[in-house]
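Thanks for taking a look at this one with me.

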Amino acid sequence: MKHVFVATDGSDTAMKAIDMAAEMAAKFDVPLTVGHVLQFARPSAELARMAEIEHLAQSASQKSTVDFRVLTGHSGDLFSDTRPSGDVVTAITAIGDEIVHRADARARELGVREVDTMTEQGDPADAILDMATSAGADVIVVGHRGLGRLKSLLLGSVAQKVLQHADCTVISVR
Ligand SMILES: Nc1ncnc2c1ncn2[C@@H]1O[C@H](COP(=O)(O)OP(=O)(O)OP(=O)(O)O)[C@@H](O)[C@H]1O
Ligand SMILES: [Mg+2]
């Protein structure tokens, strides 16, 4: 194992993935890269859940001047047809930064010496695979579920696609 990549959407399951990835990176003393794909095209319900997670929006808003209510109000409709407004983009970006920042702190707490963070946009699975490749990762860790609400699926669609398309080992954490 040379380099571990972990993908997080900020969900509880992704946090378990971060812990496992960090424990592996610490044990083998290899670098860890944390990646998050900004969800500009996601339904507003999922974004609102993301914003709620452990007051992500609250801590993110201390660092920026965004009103995070843009994610929970009627602005959700913005996602369906047109491009999201500038405020929505800023809010999602700030939350994304906060998500990777927390993962970084957690990984260091668990003893990883070298931690790097990345954010990307686009299709989540494709962006995860791109980030992992550019980081030089030989292991990708994901959660088996994320912020989605289709609990009937055994494995989330992003995790499924990463497992199907990755050239390297993928670990999905329960
Ligand atoms: N936007 C994202 N950025 C980074 N990692 C992500 C992102 N979305 C999902 N992941 C990774 O994939 C794992 C599984 O999430 P996935 O999205 O597949 O499940 P879900 O949200 O429950 O279902 P679905 O998205 O299909 O409704 C997450 O725990 C996380 O590790
Ligand atoms: Mg998802």
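1. A word on conventions. This is a predicted model, in which local features need pLDDT of at least 70 and side-chain atom pairs count only at pLDDT 80 or more, while totals for chains, interfaces and linings use all residues. Residues are numbered from 1 along each chain as its sequence is written, chains are lettered from A and ligands numbered from 1 in the order in which they are written, and side-chain values use heavy atoms, with hydrogens and water left out.

2. The overall layout. The chain has 6 helices and 5 strands; helices (H or I, at least four residues) and strands (E, at least two) are DSSP runs, numbered from the N terminus. Along the sequence they follow the pattern β-α-β-α-α-α-β-α-β-α-β. Of the 174 residues in the chain, 48% are buried. Here buried means under 20% relative accessible area, exposed means over 50%, and partly exposed is in between, with a 1.4 Å probe and protein chains only.

3. Who surrounds the ligand? Ligand 1 has 21 residues around it, and Ala 7, Arg 145, Gly 146, Gly 148 and Ser 157 come nearest. A residue counts as near when one of its heavy atoms lies within 4 Å of the molecule. This shell divides into 8 nonpolar, 10 polar and 3 charged residues. In that division Ala, Val, Leu, Ile, Met, Phe, Trp, Tyr, Cys and Pro are nonpolar, Asp, Glu, Lys and Arg are charged, and the others, Gly among them, are polar.

4. Contacts with the ligand. An oxygen atom of ligand 1 sits 2.6 Å from a polar backbone atom of Ala 7, and an oxygen atom of ligand 1 is 2.9 Å from a backbone N or O atom of Ala 159. Strand S2 (32-38), strand S4 (139-143) and helix H6 (157-165) are the elements that give two or more residues to the shell around ligand 1.

5. The second largest pocket. How much space lies in the second largest pocket? The volume is about 190 Å³. A pocket is an open set of points on a 1 Å grid over the protein atoms alone, with protein on both sides within 12 Å along at least five of seven lines, and lining residues have an atom within 4 Å of a point. Its lining counts 12 residues, with Met 15, Ile 18, Arg 102, Ala 103 and Arg 106 closest to the centre. Two elements to look for are helix H1 (12-28) and helix H4 (86-109), which each give two or more residues to this lining. H4 gives the most, with 4 residues. By class, the lining of this pocket has 6 nonpolar, 2 polar and 4 charged residues.

6. Thr 33, a residue of strand S2. Is Thr 33 buried or exposed? Thr 33 counts as buried because its relative accessible area is 1%. Its side chain makes a polar contact of 2.7 Å with the side chain of His 3. Within protein, a polar contact is a pair of N or O atoms within 3.5 Å, one able to donate a hydrogen and the other to accept it, and residues adjacent in sequence count only if both atoms are side-chain atoms.

7. Most residues other than glycine have a negative phi. Asp 29 is not a glycine, although its phi is positive, at about 50 degrees. Asp 29 is found in the loop between H1 and S2, and at 42% relative accessibility Asp 29 is partly exposed.

8. Pairs that are apart in sequence. Val 6 lies in strand S1 (residues 4-7) and is buried at 0% relative accessibility; its C-alpha atom is 8.6 Å from that of Ala 22, 16 residues away along the chain. Ala 25, in helix H1, is buried at 1%.

Key:
1 Å grid on protein atoms, 1.4 Å probe; cavity = no way out; pocket = protein on both sides within 12 Å on 5 of 7 lines; lining within 4 Å. Points joined across faces, edges and corners; volume = space filled by probe spheres on them.
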